[in-house]
Amino acid sequence: MSSKELDLRQVHDTEFPLPAEMQGNVAITSLSKIYNWSRRSSMWPMLFGLACCAIEMIGTASSRFDFSRFGMEVMRATPRQSDLMIVSGTVTKKMIVPIVRLYNQMPEPKYVMAMGACASGGGPFKEGYNVVSGIDKYLPVDVYVPGCPPTPQALLYGLIALQKKIDGQSLANLDDVPWYGVGPSEPTPIPILGPDIIDPRQMDLIRRQAELAAAGKPYGVRELPPVVKTTKAIPSKAAKAAVAEVVDEGELKRREEAARRRQAVLARKRARDAAKGV
Amino acid sequence: MVDYEVQAPPTTGSAQDAATYLKARFPGVVSDDTRPGFQGVIVQADKLGEVAQAIRDELGYNYLSSATAVDYLGAGDHMEMVYHAYRISGGGALNFKVQTEREKPVVPSLVNVYPGANFQEREAYDLYGIHFSGHPNLKRILMWEGFAGYPMRKDWREAYYEGEAKPFESRWPAGWVHRAEERNVFGSNVRYPADFDLSKLTDISDQAVYNSASISGMGVDYQQDEMETDQLVVNMGPHHPSTHGVFRMVLKLDGETITGLEPVMGYLHRNHEKIGERNTYLHNIPFTDRLDYISSMGNNFGYVMAVEQLMALGARYTPPTRRAEIIRVLMAELTRIVNHLWSIGFFLNDLGAFFTPMLYANAEREKILDFFEAVAGSRLMCNYMRFGGVFKDIPDRIRSTANLMNDRIRDYDTMEFLSDMINERLPRFLEEYDRYLTGNEILLERTVGQGVLSAEDAIAMSCAGPLLRGSGVAYDVRRADPYSIYPELDFDIPVGKQGDLFDRYMVRMQEMHESLRILRQLLPLLEETKGQDIMSGTRAYNPRIPQGESYGRVENPKGELGFYVVSWGDAKGTQNPWRYHVRAPSFINLTALGPMSVGQKVADVVSILGSIDIVLGETDR
Amino acid sequence: MYGLGILKGLGVTIRHFIDTYKDDVLYGFRKYSKSQDNFAVRQGTQATGAYTVQYPEEKVAVPERFRFTPFLVVNDADHESPGEDWCTSCGICSKVCPPQCIWIVRGTDPATGRPVPQPEAFFIDIDICMNCGFCAEFCPFDAIKMDHDYEMASYDRTSVNIHDKERLSKPFSYWMKIAPTTATEEADARGGWEHSDVIKEKKKKADAEAKAAAKAAAPAAPAPVAAAVGEAVAAPVAEAVAVAESAEDEEKKKAERLAKREAALARKKANKGD
């Protein structure tokens, strides 16, 4: 828990209409702690494997790596009793339909972990005609575990990351615990197997494209995003040495800078996308 | 099923003799395949049934290993069906082909002659659009019903299509990164036909399954009891914990008795072959790891063998060195133990011994995986074999160094580790496992006499591996069509007696003992060849493979794994395969699932499936 | 007797249970001690019962050849040209990559527009990477290697899973640390601990120095020496001169070849455009 969350006044600055005089007194944070601890210590994954990664998932469940040490020993074969869906392997278009259905059948709170390159972004099979390039095109993913396949220890690291994420959730913030909001949570629309997979959320876009096609206009080609080429001068050896010294002053500094740049690029990309109306 | 007897083949000659006989027997119908590097005969499409009958009955080629389609777009513009038939008594393949037009391809179905062609013909229909006249159940098998197009055709392009062959041009020298999604119109890799009408959209993907003969009522010769009850259709899978992955069975039940079973697959169809035809020959090696992901070393072995056969057609070719062959066999046999440990563990899971036997078996498996990780670099996806040898020699020590904030290191002598495993730990474990399970009365009652498959049916349905041997047919590619250094090794082929679940379980147990026997013979050979070359020729990253075709097959733990590779398009040799087909034992063994299950109780179908030992990466590819 | 088999089997289960804890009783919970020997024994072939790794407190260290995602080797901080890439942007890794997850931008000299042997940018999409290790195996400069860092889970893949050059670069000493044996073998093959180009250059330099020394030595040789001796000295000098000339020639030829290649590539592209 960060010290920021321990400031109760800030915590209560949410949708919870607490009377002003009570805001300093009610200790929802501690409750969050207990609530989160019990939730993260009894994460029951769903017993379902898709592909190669499932073998490593079973390896993680077996006695050598044994994720029951994290309270995950009860792998439930039914979605109704499970909290965590480990998408372990390549998601195909044919399989995404049952997966979304299973996800809808899981009770809240529910978490999704994309295990391996395939589930995260298509993996080596991304170009395939029957492969969904990333489960996050259909379901909200909480943790991505890269690797092809991730070793059991890498998966355990991902599970710990998920536990940390749960630890960071506050009971007082409805964004963190939407399942205590008013009304039932919205089910994810189930994809339809037509001539190719059809995402119901994209119906309008598909219809527009079909109309364009019927009118004989060009369709189905998205303009390529402009490639931003930075014509970078190759620095001299001396200049490079100076740069390298800075680089080696601290790994942290370098990573920070890289992260900042990535964030900036991401922000630009998002702005671009927003402008396009994607 | 089919009423013929397993008998000594009428002829025992080579495929050459068989071809000569066929040409004489069917003048004008059968002709030699004269393309350079190609073997076998080409049969006229309309007479295929007759010729196949003769091949099976007169020549004794009673085991159809593989049937697959090739699209020769721009190279004759025809479709070709390629069949590889073998004699169950051993020997090489008789390779016969049928050519048909691309626009409306029609080929007579061979299901009546070789029931094992059933799924393979459906696959060719699904992916190539070849219509098989006379096929009893011609539906899509890997893709869903209603899918537009035949994706394996050369002119079919997927949504993320980037180029005809790898390496792609956009990666170098000006390779600015992009995500394929960003260039795709829907952001997800979908591709709709031009005349697609959204308002008329119907999802018919499941109707065909329920309409199939085994579920809709026709064709089931099961006798009902006196009491009339409604039949119930139950879906098992695709995420059922006992289906070993994303396999789905649609069962028709009368009470608890199964009266019909329709396997539905393709839930893990990840376009292995389409991607494989775009890859270079080398690129395909790590992709084969992901076929039968429990025994990746065996897959590597089969694929490099198929390509080495092609390379042998060229002028400059040196076969793999002796040490490379020894290491390959070492890995293949360790893989067999890994796979059988896994499959027996899960078979017991399916019988209801929930997880304990599997955990014990997995503990041993982890030790072998440690060895794989130290030698090849990865626990599962070994990617170890190369054309002409292996990736690297076995290291002197299995050592891990302290890094990444952990201080726990291990350091063993490799040969000591191996001999400990082979001479002590694994035999001890197998003996213990045997005591633990084999005498168990519950196991006996659940397995003896259940899921019986007769030898005749097993051969007719092209079953392979422990499924075939459990039915009493001593057919093992390592003996029937020997490869690598297997001829000089001493081992037996365990067979079952009556072909029930227990026999398959016992065959797997015995095969582990036989593998250990082979491994014990390999240890001195490893010491003998220490320090010798592990690669013949050069380690080229883009080898040119001479034009031709080859069918390389190995005895994988799951059964006979075959790779049909065609190099075509450039007389000097090609860098990308024209056709890359996998004869997957898991896929073809499933042909027997329906016949074995009908008449059994619904609880037994789980164990019958477990005894076939499928892995979905290979079934669906 | 019916049920004997079940009892026998249960005996095995009990033995497994006891085996798992036998160690604790005999050696006083040594499995929780930090001693290396215990860990090696417990993870080796002599282990009995369940041998759980207490991740994250203890981790099975991965063997040298272990491969996860790739990284790029750069010079160490204490090197004479620190931070310099070993990569020469030759593009072999991007060609040999089976799922094509490597993107390389070859560096160009802004003055002349000629390619220089350095990558301007380098990307690996680890959502596509299949950890096969071909890039490391076929790199002729030992510049790309497979990393051992598997703890890479993240909450958002879009921002972190395309690794750029900055993220990929790791010093050579890191590679030395995670794979000492392999690194030594590779250095033996290259002929030194440096990048192979540097070694070549040094060798050339040494050759040139030897040549200069020989040149200096030749005139200094006393005149009244027998003709046979003079010939013997002159021969290596001539050879050295020839070597130097051939080196220069080679460089020229190399530039020519590169230019030709560029032209061919441009032609190819133009053809593709049609």
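**A close look at chain C**

A: In chain C, residues 24 or more positions apart account for 62% of the contacts that have a separation of 6 or more. Keep in mind that this is a predicted model. The chain's secondary structure comes to ten helices and six strands. Of its 274 residues, 47% count as buried.

Partly exposed is the class between the 20% cut-off for buried and the 50% cut-off for exposed, and a residue needs over 30% relative accessible area to join a patch in the first place.

Now for the backbone. Most residues other than glycine have a negative phi, and most peptide bonds are trans. Against that background, have a look at C:S89: it isn't a glycine, yet its phi is positive, at about 50 degrees. Where in chain C is C:S89? It sits in the loop that runs between β1 (70–74) and α3 (92–96).

B:N383 isn't a glycine either, and its phi is positive at about 50 degrees. The place to look is the loop between α10 (356–376) and β11 (385–386) of chain B. B:N383 has 1% relative accessibility and therefore counts as buried.

While you're going through the backbone, check omega too. In chain B, the peptide bond from B:K166 to B:P167 is cis, with omega near 0 degrees. B:P167 belongs to the loop between β7 (131–133) and α4 (207–211) of that chain. Chain A has a cis bond as well, from A:E108 to A:P109, with omega near -10 degrees. This one falls in a loop too, with A:P109 placed between α5 (93–105) and β2 (111–115) of chain A.

That brings us to chain A, for some context. Its secondary structure comes to ten helices and five strands. Buried residues make up 51% of its 278 residues. Among its contacts with a separation of 6 or more, 71% are between residues 24 or more positions apart. Chain A's accessible surface is about 13,100 Å², and carbon and sulfur atoms own 57% of it.

One last stop is a helix pair in chain A. Two packed helices are described by the angle between their axes and the distance between the axes. For α4 (residues 52–61) and α7 (residues 152–167) of chain A, the axes come within 9 Å and cross at roughly 75 degrees. Angles from 65 to 115 degrees count as roughly perpendicular, and that is why α4(A) and α7(A) get that label. Which residues meet there? A:E56, A:M57 and A:T60 come from α4(A), and they meet A:P152, A:L155 and A:L156 from α7(A).

Note on methods
Residues numbered from 1 in each chain as written. Chains lettered and ligands numbered in written order. Predicted model: local features only at pLDDT ≥ 70, side-chain atom pairs only at ≥ 80, totals over all residues. Heavy atoms only, no water. Axes fitted to C-alpha atoms, helices over the stretch in contact; angles between N-to-C directions. Helix = DSSP H or I, 4+ residues; strand = E, 2+ residues; numbered from the N terminus. Parallel < 35°, antiparallel > 145°, perpendicular 65-115°, else oblique. Contact = heavy atoms within 4.5 Å. Buried < 20%, exposed > 50% of the residue type's maximum accessible area, 1.4 Å probe, protein only. Areas by Shrake-Rupley, 256 points an atom, 1.4 Å probe, with all protein chains shown as cover.
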